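Please look through the structure shown here.

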Amino acid sequence: MTGKMKPLTLFKKRMLALLAAVSLVALSACAAQPPAGSSGSAGQASSSGSAQSGTSSAGSSQAEDTGALELSDLTGLLGMTQEELLSALGDETPESVDEGGLDFEKAGIRVWFDTDTYTKVAQVLVMTDSIDLNGLHLGDSLSDFTEVFGQPLSDKDGDAHFAYGDIFLSVVYDTTSESKEVISVYVLQEDF
């Protein structure tokens, strides 16, 4: 009876290997396809364009040409669901970070969701100096931010909060540097 089992076991192994190979080919083909409703990079540009509500065409073309985000892109992310956010940021897979946030390393940002429902983007942290904040970047001085965004609503312990339309900017700066160098910027749905 053991002689009869070996051909069946060998047959099962071959079928399993064939099934695995076909599955890998199918998965590779699916991964190479652009998401439904888009046509390659043009689809990605239109997805990120939806996050740029209120931007000029010159500003959005600059962001598309360089790949760097601008402040208007970041404000457009506020209020998005996770699915909308992933669509807007293209093919980058985020890493989870503390307190339920997501790190988008290529984009140079981290996002956190609202504390009531954890479904809508409430905070965006700028992680790189390549992001244009109305002509400013990480590493510029606090006085540069004051010139562009006006006087802060509050300025306490190296954290100056600015109103910007219907959102807020938390500008964290080095209190020990002479120029008060900006080290991070949060784009906030609500001031705290």
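**Strands and a buried serine**

Phe104 has Ile109 of strand E3 as its bridge partner. The model is predicted, so local features need pLDDT of at least 70 and side-chain atom pairs count only at pLDDT 80 or more, while totals for chains, interfaces and linings use all residues. Residues are numbered from 1 along each chain as its sequence is written, and side-chain values use heavy atoms, with hydrogens and water left out.

Strands here are DSSP E runs of at least two residues, and helices are H or I runs of at least four, both numbered from the N terminus. Two strands count as paired if DSSP finds at least two bridges between them. E2 and E3 (residues 109–113) run antiparallel and are joined by three bridges. Their hairpin has four residues between the strands, and Gly108 takes a positive phi near 80° there.

Strand E1 (residues 95–97) also pairs with E2 in the antiparallel sense, over three bridges. Val97 has Gly101 in E2 as its bridge partner. In this hairpin three residues lie between the strands, and Glu99 has a positive phi near 55°.

E2 itself (residues 101–104) is covered on both faces. Gly101 and Asp103 on one side, and Leu102 and Phe104 on the other, are all buried, where buried means under 20% relative accessible area, exposed over 50% and partly exposed in between, using a 1.4 Å probe and protein chains only.

Ser184 belongs to strand E8 (residues 182–188). Is Ser184 buried or exposed? Ser184 is buried because its relative accessible area is 13%. Leaving aside residues up to four places away in sequence, Ser184 touches Leu125, Val126, Leu138, Ser170, Val171 and Val172, a contact being heavy atoms within 4.5 Å.
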